[in-house]
Amino acid sequence: MKFKVVLLSHTPEPEKVVATAAKLCYSNTTIENIFERLDDETVKNFLNFLVEVGHQSPLEHVSFTFGIEGVSRSFTHQLVRHRIASYSQQSQRYVKMDGFDYVIPPSIEEDEELKNIFIDTMNQIAQAYAVLSEKLKRKHTEKFKIYGISEKEALKKAEKMAIEDARYVLPNACETKIIMTMNARELLHFFSERCCNRAQWEIRAVADKILELVKNVAPNIFKFAGPKCIKLGYCPEGKFSCGEFEKVREKYLGKMREEHENY
């Protein structure tokens, strides 16, 4: 996979902000005093307390913004189902998709016959898109010229109208780019759903990368982040379980132990 995830920005001192918000709930002192008196050890202990008692609302005060590219439209259709977030995605109405790149699922990539069928299909779609957008552009240009619009302006308007209709033939495999902002509480929910083995391979891979990035910034907030079985101690999926509960827990808790030892 050739996707890329970049942590573009985040709330400064995210763990201290969360600890301040949480401590305020249990203190009658001023906000400034709480913030100034929180050293690293106090912040860590307070965040551990929040995890233990399940007090999650303070996590909503910090947010993280990511740039994600080299992913498919199939991926982003799943991503935007996480509603407590903000998204800005590359538009197929304004960006012409001539010779578009696409994502090939690993199960197809590893089989030469299936891979060739997939690539041939993508090439046919790209050709159909090019023909449709060009013919629609000519059609709309002539219409605008009849209305007395200059040729330059007519071409500009016509191309936009052409590609917004031609895009209907584009596949879910078509590569896209998206910027996403989530608060820490929603990120924990995102990881619980999308790091799970039952999540599709692409969104699971991206979720794992995002988790790696936020752990570097806020290790105490995200130290138990991962699929639901990490915190629960069992798989809640019942008959839909992946059947690899111990392996999954070792993957995430093993990483946590390594990070703790390195720290």
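Trainee: Is lysine 228 buried or exposed, or something in between?
Mentor: Lysine 228 is partly exposed, with a relative accessible area of 25%, where buried means under 20%, exposed over 50% and partly exposed in between, using a 1.4 Å probe and protein chains only. This is a predicted model, in which local features need pLDDT of at least 70 and side-chain atom pairs count only at pLDDT 80 or more, while totals for chains, interfaces and linings use all residues. Residues are numbered from 1 along each chain as its sequence is written, and side-chain values use heavy atoms, with hydrogens and water left out.

Trainee: Which residue forms a salt bridge with lysine 228?
Mentor: Glutamate 237 does, with the closest N and O atoms 3.5 Å apart; a salt bridge is a side-chain nitrogen of Lys or Arg within 4 Å of a carboxyl oxygen of Asp or Glu.

Trainee: And how many salt bridges does the structure hold?
Mentor: There are 16 salt bridges, and one of them joins glutamate 164 to arginine 93, whose closest N and O atoms are 2.8 Å apart. That pair links distant parts of the chain, 71 residues apart, with glutamate 164 in helix α7 (residues 151–166) and arginine 93 in the loop between β3 (85–89) and α5 (106–109); helices (H or I, at least four residues) and strands (E, at least two) are DSSP runs numbered from the N terminus.

Trainee: Where does that leave glutamate 164, buried or exposed?
Mentor: Glutamate 164 counts as buried at 17% relative accessibility, whereas arginine 93 is partly exposed at 31%.

Trainee: New topic: how many residues of helix α1 are buried?
Mentor: In α1 (residues 14–24), 8 of the 11 residues are buried, among them Pro14, Val18 and Ala22.
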